[in-house]
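I opened the notebook to look up how two chains meet. My entries follow the structure.

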Amino acid sequence: MGITNQPPDLLPGTLDLLILRTLMRGPAHGYGIALHLRTASQDVLQVGESSLYPALQRLLLNGWVKAEWGLSENNRRARYYEITAAGRKQLAAERREFDQLIAAIHKVLNAT
Amino acid sequence: MRQWLRRLRYARRARRAEADLAEEIAFQRDMLQQEYESRGLSPADAAAAARRTLGSVSLAREEARDVWLPIWLQDIAQDLRVAGRQLTKDLRFTLAVVIALGLGLAVNNTIFTLINTALYRALPFDRADRLVKLGTRDTRGRDGRDGGVSYLDYQDWRAAATTFSGIAASTNVTMNISEEGRPPERLRGAFVSANAFGVLRATPVLGRDFLPEDDRPGAAAVVIIGHDVWQNRYGSDAGLIGRTIRVDSGPATIIGVMPAGFGYPVTMQIWQPLVRAPHIIGTKRDARTLEAFGRLADAADLPHAHAELEAIASRLAQTYPGTNTGIGARVTLMSEAYTAGGRQAKPMLMALMGAVGFVLLIAYANVANLLLARSLHRSREMAVAFDAREIAAPADAHRPFWIDTSMNLPVYLFLGALCLVSSVAFGLLPALHLSKANMQDVLKDAGGRSSGGSRRARRATSVLLVVELALTMMLLAGAGVVTRSFVALYRANYVIDTTNVLVLRLSLPEQKYQTPQQRAQFLAALDERLGAMPSAAAVSATLASGVPFDWSGTPPRRVIIEGRAAATPQPNGVAPPMVSYVSTGSRYFETVGLRLLRGRAFTPDDGAPGPESVIVDQQFVTSFFPDRDPLGARVQLTMPKADGTPVTDVVARHRFAARLFSTWFGSFALIALAIACVGVYALTAHSVAQRTHEIGVRLALGAYARGIVWLFVRRMLPHLLIGLALGLAGALAVGNMLQAFLVDTSPRDPAAIGSVTAVLIVVSTAACLLPARRAARLDPVIALRDE
């Protein structure tokens, strides 16, 4: 594991959810995804390669994203990931589940 | 499912995918580094920071790969790679194992295919399990002989029986066909009832089947031909249907062509309606010459059908006491009737199966033994691949059409099971052996390097080797005897110089030559003209009922010699001896080039009622007149009561079996020899490998190379000798099984057995010498270092 990897441990499966959500903004390469996760979480989520790439492979395997080589902003070859229709459906379902889970956790934490 | 497809695609281009990933990660690192540099870090610090942020690259790569390929799959791939490396490390050894196993499996598979064909395979007809053979049983005779059906009985059966969806009849005859522009041809043919093909559910590929109208007296003559005749004689002419040709003495119209491979009842090439069979109409009720067969009705089963036919038969016996008293009915499944020959060969097949099975087991044991010393995983995969070179079934003109030796599902299942069992045996045998081994023994073994494996393992190996050699000896002895028989047959052919002998076959159409007198007249006239042929055309010509060494035309006769008790029927049921005979015209011996030892040749007067006469051969004299002058003695040749099986059938079956047997037996023996040698070789080589250190010590102490070789040969010799002795004893004990397949050769032929013994000794000694000599050439310094 990377040294600065995911300071607050992510719940299992949430990384996939976050990547899918990130890709809803448009196709992005690995660095772009990691960058977005970091800036959007205001530097709380720092995703290392050992988590990001296996997660991306998982998403590819399930057919939720597709990958294509393209040119980056600085004209380098980069692999761009794009969410598929199945991925959108998966995102919606996972998001629902996640919301329910968070709500449940809150309920437990706030229970007297 | 789609996931697995994606996985597969990934696995196929795994290297490419990993390169992609590496590039991606490098890209991300560069981007990160740029980012840090833009924040003011030095390039080196930025690179280090980027690496830190990203974490372990190799871990990322491995985990990414794990997503695609489950760990267990990667493990198997890894194991296979290791196994492959080990297999290629000692190629000679691998080859030995693969050959032993491959041959063992292949032979087992072949024998099983044969057994499957001979004993279990269904006849090539739709719902063949519903087909039955019908016949009569003469209950008056002592042994209740089986017989055929007469035309009149057949018609009554057909009219009365309700447990059959159809009853058909056939009789086999040779038919001559001829037409303008083509030479006449003699074909194997059958007269069949119009419903015969319908009962079998076989339909012509061209034209039509027989109709009931074709099988009525006075109907126009029609004929159906077999596929090979259509192909060979008529060049697969699709417009053949409707053409009129001459069949025997009259014109007949070709109305159909049967499918390729169809030859019911044996290897027939042409069929005519039953009504055209000579003497069928108005024949006597006790002329039981037809073969009948039927298809059971849907609701009926075998006992039902049998009971019904028996009832009909007993009604017929009451109505026609003169001809049908004591005549019962016989119903057998057609598959049983046709695999009877196979069942006769069953002991032989099973013995072969047992032998090859055991040889395979020994091959396994050898390999398992070696597995203990060297981690030789998974040589079985290779063995299976080797086995794919299937021994092809011989295509044989004499093969009755229902014998199909191709591999089918049961054979594949058998092979699969065999491979599975062997794999488990492979893994298990050494493992069991190891788990049983006493820790102390193992440690002692490691200390005293001289002993080759634990004592128990060595004993097991010894026993297996002896058994293996003994079995090989038995098979070799059999093969030797069979080969001798071939040589004898060849020599016998050589006695008669066949180079300038022509054989012409002739059959007289029965419609034209109805009485024996007419036939005799024709033959006498022919004989006369043959004798008068100019010597430029032929030195000599004669007539005979059969050509030498093919007696299939004349069934053997029982011989009874007047005034001799030994050759007359015995009270204890021993039948009188059978002899084969041939009816010949004059000049027979002249023509085939044989000389009479004593007495005289036939004259045209011999054979007329009254002065009947025979000429016998030397063997006949030795067997029946050991102490008496045979000239002038009187013998009686009686036709054994016809049994139900038509002669052509028996002959075809027998010839096929004999041919198959003699060719295959030899190959199996050679394969057994190869496996035995591989065993001897591998064991000696293994022993050499284990005793390398000891050999080094001996060589260092001044042992001669010859002494080292002797060390290993000495250990093999007792095995060889005991194996030989057991094998010889076994070969002599079961030799009689071979008798039926031998010509002029004893199953205990000393020359054959002697020579194969020599072969086995030489070959197995050579197999032992090879590694032993390698041991003797070892460099003592290197050998001593061997652990």
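Which side chain meets that of A:Arg77 in a salt bridge? I looked it up and found B:Glu23, at 3.0 Å from N to O. I note that this is a predicted model.

**Entry: polar links.** I then asked for the count of salt bridges across the interface of chain B and chain A, and the rule finds four. For polar contacts, I counted seven residue pairs between the two chains, both residues at pLDDT 80 or more.

**Entry: the side of chain B.** Helices 1 (2-12), 2, 3 (43-54) and 4 (57-68) of chain B each give two or more residues to the side that touches chain A. Helix 2 of chain B gives the most, with 13 residues. I sorted this side of chain B by class: 12 nonpolar, six polar and 11 charged residues.

**Entry: extent.** I listed 32 residues from chain A and 29 residues from chain B in the contact. The two chains bury about 2,800 Å² between them, and 54% of that is on carbon and sulfur atoms.

**Entry: helix against helix.** Next I took helix 2 (residues 30-40) of chain A with helix 2 (residues 14-38) of chain B. Their axes lie 8 Å apart, at an angle of about 50°. That angle makes the two helices oblique to each other. From chain A, the residues in this contact include A:Tyr31, A:Leu35 and A:Arg38; among those they meet in chain B are B:Phe27, B:Met31 and B:Glu35.

Note on methods. Residues numbered from 1 in each chain as written. Chains lettered and ligands numbered in written order. Predicted model: local features only at pLDDT ≥ 70, side-chain atom pairs only at ≥ 80, totals over all residues. Heavy atoms only, no water. Axes fitted to C-alpha atoms, helices over the stretch in contact; angles between N-to-C directions. Helix = DSSP H or I, 4+ residues; strand = E, 2+ residues; numbered from the N terminus. Parallel < 35°, antiparallel > 145°, perpendicular 65-115°, else oblique. Contact = heavy atoms within 4.5 Å. Buried area = accessible area lost by both parts, 1.4 Å probe. Polar contact = N/O pair within 3.5 Å; in protein donor to acceptor, adjacent residues only side chain to side chain. Nonpolar A, V, L, I, M, F, W, Y, C, P; charged D, E, K, R; others polar.
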